[in-house]
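Subject: Model handover

Hello,

Please find the structure below. My notes on what was found in it follow.

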Amino acid sequence: MKKILEIKNLSKTFYDNKKQVALSDISFTLDEGEVVCLVGPSGSGKSTLLRCIAGLEATDKGGIVFLGKSNPLEDIKKSVSFVFQDYNLWPHKTVLENITFAPVKRKKMSIVEAEKLAISLLKRFDLYDKKDSYPDFLSGGQKQRVAIIRALAMQPKLLLLDEITSALDPELISSVLNLIKILAKEGQSMIVVTHHLKFATEIADRIIFLDGGKMIQEASARDFIYAQNNPRIEDYLQMFSLNKQEINIYEGADQFQAFQLGTLKRFKEGSSKCVVGSSGDRWFEAMGDFYKTYEEERIKRKISWRMIMYSESQRDHDLRLRCPELNVYKLIPKNFENPANYYVIEDVVVIQIFGEPGDEPAVIEIKNKDVAKSYMNYFNLLWEQSTLIV
Amino acid sequence: MYQWDWNVVVQYKYVFLQGALVTLWLTLLVVFFGTILGIIVGLIRRSNVPFIPTIAKIYIELFRAFPILILLIWFYYVAPIILGIQFSPFLTAVIVLSISLSAFVAETFRAAVESIPKNQFESGITLGLSQMQTMFYIILPQAVKNMLPNLLGLYVEQLKNTSLASVIAVGEILHQASTISSTTYRPLEIYSVVAVIYLILVIPFSLLTSWIEKRMNRKMRKV
């Protein structure tokens, strides 16, 4: 994949009242079509980093290589668009004028051409009827979508989004996030500063965690959320869940797989996963090719499966024979059958939903000691009544 | 008991009219040149080049501090000695009043531009517009709306300031009045009429100010 952006040992210090190091020694790269999310506590330097990339702040040390050029200010101005937290639409221009102005002035598009592009974007994102409105008459969500469309109208090679949902009411956030998800799927390269961790996991190829101006971690979205081993970041992640208990829902095959692989890394070596309601091969299908990775990791870390099943599938059968010490299965009568199955591992209950063949799988994760205990009791009850498969 | 005699006004009506026209003409020229010069000074005041903004700042502070009367007299009598050029009284008045107005316009302009959030500027830059394009198409239209009420106030003020030009014998309304008065000895009638003429000149300006303000507000409300 073509590399479009490379940040090398970038540092930035502000000297407003007193010396304040905003960024120190930041390095990472971004490939074409990739989405990187910058997360971290307030004041960690995320926005400053984004502003440095956009050329809004001068850097002290280190360099930015964009499209292979080490002095890229002109190219950045031409090919990088920035969307601000507080929209910054131009109040004296209509929605349509806001969108067409820069393409006409900067890209030398004809007005007709620019309006055609703007109208197609507005129609696509459901804002066509607002084209002649002034920004003051739009809701926050609409304003931010217009601001994103305005940035897209420049057909940027790289889109920078700076906490674009922070100024929005909760019910307006999803409309903006959905737009970004569509862009991510289409392969728009983006660097996104966000506090929405769930959103970050859905769109990011990689997540970079900043704290005090330093890069603490750069990880795949999956490892960052599900297999976090840095105590500082765990604390940060914890802040986004109330108390110690937490309920998360992950939908779709990608997230299903990421969740399974991530949680496996999180659990202690030698722990045991107790599954109720396994039948057929739906779990293996939902895991796709990652099933083998999962198995290798599981065997390496000696995590055992204790399963109560309605019928043993061929793959389960193979697995049990391959590693009898890690796979203990019991059979339970068909009239106990449930549409969803669940498993308990340590203090976590995971409900897995597969739906009809061809449906997208989903998981509901419940982190709660008491709930896990009651599910375990039910598991033990069934376990006693079941017959061992040999 | 003083006997009012308004015949003198009728008798000299064309002289009054001429004086009023000179006042108006002088004001229009001063408003035109003063505004352009003021915006240029204001732009220089905001430029990034080292030291240049300081020069603009000194210009603004100096010409806001000097009384216009002193400037007029100084420019009319001293400038020829230093520069070797003698300007006509009318031209002197245009230059001095324009410079004075420009200092106030520059300051109003600076305040108006600074009232526009910084990120309006940044939004232009990040969409690839140049600094000049951003200034002229994004910041200025918004700034002008903010500065318009103040600006129109300055213009009305400047219309009244033209009366100071009478000291260097510019034939504006006040100068005409004092000439008539010195030959007819009817100062009360004459200066009363002058006061009314100023009122007639200023009121349309005030009406225009509030009309433009209303219109500007309405335009942005259009959906």
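Confidence and conventions

Over chain A the average pLDDT is 87, and 98% of the residues score at least 70.

This is a predicted model, in which local features need pLDDT of at least 70 and side-chain atom pairs count only at pLDDT 80 or more, while totals for chains, interfaces and linings use all residues. Residues are numbered from 1 along each chain as its sequence is written, and chains are lettered from A and ligands numbered from 1 in the order in which they are written.

Chain A

The secondary structure of chain A comes to 14 helices and 17 strands. Six of the strands form an open sheet of mixed pairing, in the order 5-6-7-3-8-9; two strands pair if DSSP finds at least two bridges between them. Strand 5 (80-83) and strand 9 (214-220) of chain A are the edges, and each has a single partner strand, so one side of each is left without a neighbour in the sheet. On average, neighbouring strands of this sheet are turned by 15° against each other, direction ignored (axes are lines fitted to C-alpha atoms).

Within chain A, strand 6 (residues 158-162) pairs with strand 7 (residues 190-193) in the parallel sense, over four bridges. A:Leu159 stands opposite A:Met190 of strand 7.

Of the 390 residues of chain A, 38% count as buried, that is, with 20 or more other C-beta atoms within 10 Å of their own, the C-beta atoms being placed from the backbone. Among contacts in chain A between residues at least 6 apart in sequence, 68% join residues at least 24 apart; a contact has C-beta atoms, placed from the backbone, within 7 Å.

Chain B and the interface

Chain B has 10 helices and zero strands. Of its 223 residues, 31% are buried. For contacts in chain B between residues at least 6 apart in sequence, the share joining residues at least 24 apart is 76%.

Between the chains, 17 residues of chain B are in contact with 21 residues of chain A. On the chain B side, helix 7 (118-126) and helix 8 (131-161) are the elements that give two or more residues. Helix 7 of chain B gives the most, with six. By class, this side has eight nonpolar, seven polar and two charged residues (Ala, Val, Leu, Ile, Met, Phe, Trp, Tyr, Cys and Pro count as nonpolar, Asp, Glu, Lys and Arg as charged, and the others, Gly among them, as polar).

Regards

Key: Two residues are in contact if their C-beta atoms, placed from the backbone, lie within 7 Å. Axes are lines fitted to C-alpha atoms, for helices over the stretch in contact, and angles run from 0 to 180 degrees between N-to-C directions. pLDDT is the predictor's confidence in each residue, from 0 to 100. A residue is buried if 20 or more other C-beta atoms lie within 10 Å of its own, exposed if 12 or fewer, and partly exposed in between; C-beta atoms are placed from the backbone.
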